[in-house]
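User: Please walk me through this structure in short steps.

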Amino acid sequence: MSPTITTSSEANGNVSAATARAAAKAASAAEQTGPQTITLAKALNTAMADAMHADESVLVFGEDVGMLGGVFRITDGLTKTFGQSRCFDTPLAESGIVGMAVGMAMNGMRPVIEMQFDAFAYPAFEQIVSHVAKMHNRTKGAVKLPMVIRVPYAGGIGGVEHHCDSSEAYYAHTAGLKVFTPATVADGYRMLREAIDSDDPVMFMEPKKLYWSKDQVDLDALRAEHAANTERGTSSEGRAAVARPGTDATLIAYGPSVPTALAAAAAAAEEGRSLEVIDVRSIVPFDDETVCASVRKTGRAVVIAEAHGFASVASEIVARVQERCFHHLAAPIRRVTGFDVPYPAPKLEHYYLPGVDRILDAVDDLQWED
Amino acid sequence: MTISADQTAQQPAQHAAQQDAASEAVRKFGITVEDYMLPARHQIQMVGPDGTLNPHTEQGTQPGHEYTLPSDAELLAAYEQLVVGRRVNDQNSALVRQGRMAVYPSSHGQEACQVAAALCLADGDWMFPTYRDSVAVMARGVDPVQTMTLFRGDWHGGYDPSKHKVGIQCTPLTTQLLHGVGVAHAAKLRGEDTVVLAMCGDGATSEGDFHEALNFAAVFHLPVVFFVQNNQYAISVPLAHQSVAPSLAHKAVGYGMAGERVDGNDVVALLAVLGRAVKLAREGSGPLLVEAHTYRMQAHTNADDATRYRQDSEVAEWVAKDPLSRMTTYLTDRGLLDDDRAARIADKAEAVATQLREGLSEEVPVEPQDLFKYVFSTPTPQLKEQSAMLADELARDAASTATASTAKGSGK
């Protein structure tokens, strides 16, 4: 279902065959080679397993991540493979999980921790904002916090209250945090490896409605790509991707909204309108270059996100693009976002979530008559 | 680094089987585990306010809660740090009054706690202090002027925590206890014998992270000594409004760890109690909680007015319990402290005070580009843009200042 995303790392050229073979050989978790159909959940799981194989300081912990493998099974099998010392359950306390991870990162570890659900991360907000984000700055770089906080986020799963928040803006607004959100299976692997490699803390926002989305990916090729990037000191980190090329208008989306934007673009194509879809991938740092290049080309843009529109990441994107591309714009940039209401109950969520029709309505409004 | 699979995050059930201090005390003294974990009936006090050594039977000890008198060398080292600590507190308060420092939360009256906290640790151990623990940070070996950078307003921290194994002084209450837990956990997984001393005050025990830190340390059986300086006030709010527990040390048993309370103005008892706690933690007995009864002799900071919430008579009562004067009497009576030694120590304290005065009087230029340099390991494109914008602003300012002065010069 997902088209191939062109990332800068892929665009940067081919990995040497020798490096690819070496990386494939090194990845002992690989049972099967060649392209296979896997879920985003499996891609994320494989990324953690490979990182744990590669580096003993990578630890995974959180609530129910041990024997159960996480409520979404993203950490499935890690305790069995790596033992209780490398993947373990903690007491049920999110501030404790993040605070302990800070100390572990200060003392040589690379913790990858799970907040069970978006809204369950709020007890840890003080640790994240006051310490995770600031430690490097206050110590003038003497203390690095290489830690990843995985947050299953956003809606579309019919979840009960507190299980569907789009909390990315809180983190993106906090200086010192990187904020990544993958939208494809391949990016699930690629971006989680990059997040774990990062010497700075990363909020890794996982669109939970995409956990079971499938795609054909070649894990060995992804491993080889990661190995080659490590060797060259390059990566796709901080880069947006063109998820679908087009010429008439640009849809800018991230995480759970990327498949919706792609569906809208497919529908628009049937009506003879060519929409380019940009997958933001990394909210912080933000790839102005790729996003603005697309908008300059098409002259029209719609930003799509599940979160409330007011004071949101979508609003930030509109502001940035407008400041940089004003003279290329044929129409004001539109936003299609969640309404400014608490995330609704399951039976109401389809009214709330940005859908194909609402996106196409916004596209229709882009002053085509001029 | 090696993390073996058997160095697991242990389950509580496995603890009982361990030959740790609790089971040893149970076996040796016939007491219950609860008796071991509960603090002794009275606070541990070795040297009373008048500077005389309490008889062994009146030190507050009981079976499973026994302490030995520290060596003369340890006592003299502690005394020297006490004198330095008092001088540092008073010098810093003076510098604030003179406008050379933005703020200083003084630990005047709490120096015994500060000194013992630093001296009970070995080189490889870690300390996690609060904003009021500057004397402890310096006693641990951090440069005095670097310690004060935070309060002078140059930057939000002035020393390298990894180099000194001292966490950056923490303002959000008890959040740093969890960092201590994490440092201890990482060390334990690598099989190192690091102990962490994690510090907080009485008011801070109301915070959620206090609970989470103690519970995590207990569940993972980590070598952390939680050290609560109960100085009776959280800014203006007395302890009675924070907790109605029999004592803060009693909170330990709720987490399955041992607690003890100690006279926080008796550096002898503090060295004994903290020393034993660190030793037990290092030997694998898990975390411990030590509550020290002391008093914040001065206001919360220079911005506070303590007369609004406490009586002078109460402060006077605590003057009589001063940690420094009681130690001077005790060591003099023991013949360990003569005029020569006292003079040498006073000189040392004066040297540190001079270092602070000189270091903090010096105008250190701040570097505006530092704003962007350390947010991430590598600045983002957005930060690079903002950094260039500020650089441009400053260049234009400098250019217009230069033009103005040239014009002024040519006009003459």
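Predicted model: local features only at pLDDT ≥ 70, side-chain atom pairs only at ≥ 80, totals over all residues.

Analyst: Residues are numbered from 1 along each chain as its sequence is written, with chains lettered from A and ligands numbered from 1 in the order in which they are written.

User: How do the axes of helix α9 and helix α10 of chain B cross: roughly parallel or roughly perpendicular?

Analyst: Helices here are DSSP runs (H or I, at least four residues), numbered from the N terminus. The axes, lines fitted to C-alpha atoms over the stretch in contact, come within 8 Å for α9(B) (residues 175-189) and α10(B) (residues 208-219). They cross at roughly 15 degrees, on a scale from 0 to 180 degrees between N-to-C directions. Angles under 35 degrees count as roughly parallel, so α9(B) and α10(B) are roughly parallel.

User: Which helix gives the largest share of the side of chain B that touches chain A?

Analyst: Residues are in contact if their C-beta atoms, placed from the backbone, lie within 7 Å. The contact takes 39 residues from chain B and 43 residues from chain A. On the chain B side, α8, α9, α10 and α17 each supply at least two residues. The largest share, 11 residues, comes from α9(B).

User: How many residues does domain 2 of chain A give to the contact with domain 1?

Analyst: An automatic or database domain assignment sets the bounds: domain 1 of chain A is 23-232 and domain 2 is 241-364. Their C-alpha centres lie 26 Å apart. Domain 1 of chain A gives 24 residues to the contact, and domain 2 of chain A gives 21 residues.

Definitions and conventions: Parallel < 35°, antiparallel > 145°, perpendicular 65-115°, else oblique. Contact = placed C-beta atoms within 7 Å.
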